[in-house]
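Try each task before reading its solution.

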Amino acid sequence: MAKIDTERARMTIPRTAPLDELRLLVVVDNETDTLSSVDEGVPQISEVAHLIPRVPTSREHAGHPGKVVFDRLCCACHGFSVLATGRREGREHTVLFDVGPYADVWRSNAARLAVDLAKIEAVFLSHWHFDHSGGLPEVVAVIAEARKKAGVAPVLVDVHPDRPDQRGTLLPTGTMILLPEEPRLDVLEAAGGRVVRHADPHGLCDGFFFGSGRIDRVTAYETGLAGHHSFRGDRGEADPLILDERFLAAEVRGRGVTVLSACSHAGVVNACLGAQAEFAGVPIDLVLGGYHLAGKAMEARIEPTLRDLKERIRPRVVAPGHCTGWRAKGAFARAFAPGGYGPSVVGSMYVLRAPGA
């Protein structure tokens with residue numbers, strides 16, 4: 001059984017260095033949309049567009065190859081998972097950012113997307129919430145088995161050490177909506193993962209990626225998730241700030257820093273400000289993930305979030321998904337499209353390349 005590693009030294013130095021290319025494949029998200037057009041300048045490839053080259057021709061008509069693709073499309077569910085692959089000077093490293101709630105959905109989508117499981121070196125958990133962590137034991141197990149067969153090191157499972165047993169949200173009606181219990185660390189070990197716990201910022205995969213520590217709460221309006229509670233044993237307490245949340249980031253030479261923010265309970269603006277502080281002087285490129293602006297209490301934050309993203313963060317592209325909500329997505333589309341809006345949907349891929357790479 002792998003030993004739980006609480007030391008940071010092996011992953012901390014170097015933090016990060018600019019990549020030549022970053023590919024982000026959405027394995028789990030709330031929505032599927034393979035038909036909408038992608039604006040010129042948005043580095044997003046639709047699910048069908050990157051599926052077509054891998055599908056054999058089944059018939060020809062008037063000299064045109066015909067391919068069946070709609071039986072290979074991914075399934076959407078309430079959750080988030082992104083496969084991030086960085087390339088620099090001929091070397092590649094791959095990190096899985098969250099796994100979503102259901103291992104069967106993750107496995108089937110990964111198979112449809114022809115993901116090479118043995119290449120996944122690390123699983124980085126953004127925060128302890130079932131829609132991001134629920135599939136961990138089984139997903140870690142299938143990755144670990146693939147890596148064992150390939151004769152490579154066990155998969156790293158990077159988590160925040162402050163793990164609650166269970167979480168939920170108290171509704172104004174008085175009912176608490178509970179999430180299922182969180183996976184235990186010993187279960188992740190037994191699945192074949194090498195568990196490391198990080199509360200502080202650190203580098204991953206030879207400095208290809210950056211994992212944040214606690215996200216500073218800077219803005220006045222990003223005040224956490226109203227009604228949220230955490231349980232440890234029999235003790236439950238209000239926990240709106242969800243301080244174990246972390247983002248993952250990577251810099252592409254000549255483009256800027258991409259921020260993966262799975263739920264943005266800390267606030268997507270605060271997450272971007274944290275990335276700006278770590279990558280001083282480097283512009284923000286793509287902001288991908290859930291912005292958590294859905295629900296009546298959260299929707300009041302849409303306008304100030306939009307204002308600060310436009311005026312303070314100035315990302316090249318916003319890519320909201322998962323828990324962002326349709327009202328916020330509509331507002332972002334009006335503000336950033338054309339050319340700066342590429343919403344996250346399951347099966348799509350973002351390809352960020354350095355000029356000349």
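**Exercise 1.** Is the crossing of helix 3 and helix 5 left-handed or right-handed?

*Solution.* This is a predicted model, where local features need pLDDT of at least 70, side-chain atom pairs count only at pLDDT 80 or more, and totals for chains, interfaces and linings use all residues. Residues are numbered from 1 along each chain as its sequence is written, and side-chain values use heavy atoms, without hydrogens and water.

Step 1: find the helices. Helix 3 covers residues 103-112 and helix 5 covers residues 136-150. Helices (H or I, at least four residues) and strands (E, at least two) are DSSP runs, numbered from the N terminus.

Step 2: The crossing is right-handed: the near helix is turned clockwise from the far one by less than a right angle.

Step 3: The angle is about 40°, and the axes are 8 Å apart. Axes are lines fitted to C-alpha atoms over the stretch in contact, and angles run from 0 to 180 degrees between N-to-C directions.

**Exercise 2.** Which residues of helix 3 meet helix 5?

*Solution.* Step 1: list the helix 3 side. A103, W106 and R107 take part.

Step 1: list their partners. These are E138, V139, V142 and I143 in helix 5. Contact means heavy atoms within 4.5 Å.

**Exercise 3.** At what angle do helix 9 and helix 10 pack?

*Solution.* Step 1: read the angle. It is about 30°, with the axes 10 Å apart.

Step 1: classify it. Helix 9 and helix 10 are therefore roughly parallel to each other (angles under 35 degrees).

Step 2: name the contact. Helix 9 gives I302, T305, L306, L309 and K310. Helix 10 gives R327, A328, A331, F332, A335 and F336.

**Exercise 4.** I242 and R314 each have a positive phi. Is I242 buried or exposed?

*Solution.* Step 1: note the setting. Most residues other than glycine have a negative phi. Phi of I242 is near 50°, and phi of R314 is near 55°.

Step 1: locate them. I242 sits in the loop between strand 15 (235-238) and strand 16 (248-252). R314 lies in the loop between helix 9 (302-313) and strand 19 (317-321).

Step 2: check accessibility. I242 is buried, at 0% relative accessibility, whereas R314 is exposed, at 61%. Buried means under 20% relative accessible area and exposed over 50% (1.4 Å probe, protein chains only).

Definitions and conventions: Parallel < 35°, antiparallel > 145°, perpendicular 65-115°, else oblique.
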